[in-house]
Every structure is written in C-alpha cells, then in structure tokens.
Amino acid sequence: MDMRPLGRSGLSVPPLCFGGNVLGWTADEPTSFALLDRLLDQGFTFIDTADVYSRWVPGHSGGESEMVLGRWMAERGCRDRIVLATKVGMDMGEGRKGLRAAYIERAAEDSLRRLQTDRIDLYQSHADDPETPIEETLQAYERLIRAGKVRAIGASNFSAARLRESLDVAARTGLPRYECLQPEYSLAERAGYEAELEPLCRAAGLGVISYFSLAAGFLTGKYREAGAAAGRAREARVSPYLNPKGFALLKELDAVAASHGATPAQVALAWLVARPGLTAPIASATTVAQLDDLIAGVRLALDPQALARLDEASRGGVRA
C-alpha cells in the first residue's frame, strides 16, 4: 500500500479515504458493516465522517454515521488499525454549531462517545466560523490534543485567506496548526481549489483530502445529457455539469478508460491520486461492487499522455 503522510501530523494514510456520510443513511447498518469490512480487508484504513451526518434525513438528529462506525469498530476490534477522522462545526440544532472553544470540547466528547473510542486521529473544523476568534478555536484543539483525545486537526471548506490566517495564528502563538484541508475538488470542479488553496497547501506542507471527488456521481458517466438528473436526489449538484464542456470531459474519460481497461470513475479517481500535493480523495459507496470500483481506481496508474489529456479537457472545471 502506498501510504502517504498527512501533512506534518505524523499520521500516514492510504491514497483513498472512505466517505462515511453514507453510513446509517443510504447504507443501512448491515450494508455499512459489509462495506467497512471490505475496505479494511483491502488495506484501506482511512475513514472520514462528521457529527452532523446524517441530520438532513427525516427522523435523524445527527451522529448516525459516527454511531454505526463506532459499533463496527467495537464489534470488529479494529480501532487501532483505523485512521479515524471526524468533523465539528455544522449546525446540529438547538444552537449547537460553530467553533467556540466550549462547544468544540463538548462536541468532541459527544463524538468520542458515539464512536466508542478514546481518541480522534483527525478532528476537523467542518466550516469556518468568522464570529469566533481563531486563537480561541485553536486553544480548544490544543487542550484536546494535550488530553490525548485528538491527534491532529484539519480544516474543511475554508477560504485561502482564512486558512492562511489560521496558519499564521498557529505559528505566532505556538498553538496547533491545521495539518490538512478538505476542499471540494475533482476533474469537474478545479478552479476553487487550484487558484489559491493548492499553492498555499503545498507551500505549507498540508495534507489534502478532497470531497465530491466524483462530482456527485457525474464523473461515473451515468449522467450524459441535459436533464438526465431531473427528479434525482443529486439533481442540484449534478445539473451544473450537464453542458457541452462537461459532456466533452466525459468523452475524454471514456477514451482514457477504454485505453486502460478501466471505468470512468476509476480514471477520475486515478487522476486525483496522481495530482501533486493531494493526499487522498474521499469517495463513498453504497454497495461492495461500487467500493471495489473505487479501490481499483486508486490503484490505477495513468500514463503521462492520459493525464495530460484529462488535464486539458478539464482545465478550470466544467461547471456552467
């Protein structure tokens, strides 16, 4: 397994991070256990979740993904083999949101209880909180690290300016710094990350774990004409890619996939794995067959010509 350093955290991770948003949502508990078993059997030990997963589902209150993951680790006795990442800061209802110190420390205890563990390997700010001083947030993380409850911290959905400011505060105060960034990034969505965040992360030596790595399913090739996502759960996410530039990208994906004996999804993930500075794409699956497709993708080596072809076809992304 090609293990990669996660920033300067001392953690090493495989080149695929399993997205735990599906656990207890679109994958029920038996299916979730089967997926996680397969993942671990194949040596992929990096799993990302969040306290808010899956609060958006009617009847759910948040924490469902963490609870499924916690029960699986306890039943399998595999916690020490897992690089466990979760997040804090999104709205959990009843005023439970943001990055105030008291809330972070309380939310961490809640996550630890649901996950049935004594530590979180990577604890991430799920979104920026401009109303809370950065130093206060980092002080909370420092206390959790000193207590052995958190090993490293990361940021998700931060602008380059706010990430840079956070790194500067950490350097000035000696507080823990964010060791990785979780941005949206894919062949179909490039500009937001590449313009400012990528240079900053590479200069600072941060790990990068990208989400929506398959552009909400668009890069699997199952949406191939305008209106193809109408009425589907991901319509709002996919529709901006259903345009001439997006369809041209799918044509190139098809060609590269055919030349490598692969699927479009595998090629899209292989392109991410080959990107300089990117540690591991995050991707989810709801069946073992889908998971095997993802695993094959991160093990696929694209030749330089294929990488250049995809780079040209997707330059800047394809959002309308």
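Charges first. The protein has 38 positive and 41 negative charges, and their mean positions lie 1 Å apart. Lys and Arg count as positive, Asp and Glu as negative, while His and the chain ends are left out. Each charge is placed at NZ of Lys, CZ of Arg, CG of Asp or CD of Glu.

A word on what you are looking at. This is a predicted model, in which local features need pLDDT of at least 70 and side-chain atom pairs count only at pLDDT 80 or more, while totals for chains, interfaces and linings use all residues. Residues are numbered from 1 along each chain as its sequence is written, and side-chain values use heavy atoms, without hydrogens and water.

Now the overall build. The protein contains twelve helices and ten strands; these are DSSP runs numbered from the N terminus, helices being H or I with at least four residues and strands E with at least two. Its radius of gyration is 19 Å, close to the 20 Å that the globule rule gives for 320 residues, so the protein is as compact as a globular protein of that length. That radius is taken over C-alpha atoms, and the rule is 2.2 Å times the number of residues to the power 0.38. Along the principal axes, the C-alpha atoms fill a box of roughly 50 × 45 × 40 Å.

How much of the protein is buried? Of the 320 residues, 57% count as buried, meaning under 20% relative accessible area with a 1.4 Å probe and protein chains only.

Next, helix H10, residues 264–274. Ten of its eleven residues are buried, so H10 is largely enclosed by the rest of the structure. Among the buried ones are Pro264, Trp271 and Val273.

Aspartate 311 lies in helix H12, residues 304–314, and is buried, with a relative accessible area of 17%. Leaving aside residues up to four places away in sequence, aspartate 311 touches Arg190, Trp271 and Arg275, where a contact means heavy atoms within 4.5 Å.

Last, strand E10, residues 280–283. Ala280 and Ile282 point one way, Pro281 and Ala283 the other, and all are buried. Which strands pair with E10? Strand E3, residues 17–19, runs parallel to E10 and is joined to it by two bridges, and strand E9, residues 207–210, also pairs with E10 in the parallel sense over two bridges. Pairing requires that DSSP find at least two bridges between the strands. Cysteine 17 stands opposite isoleucine 282, and serine 210 stands opposite proline 281.

Conventions. Buried < 20%, exposed > 50% of the residue type's maximum accessible area, 1.4 Å probe, protein only.
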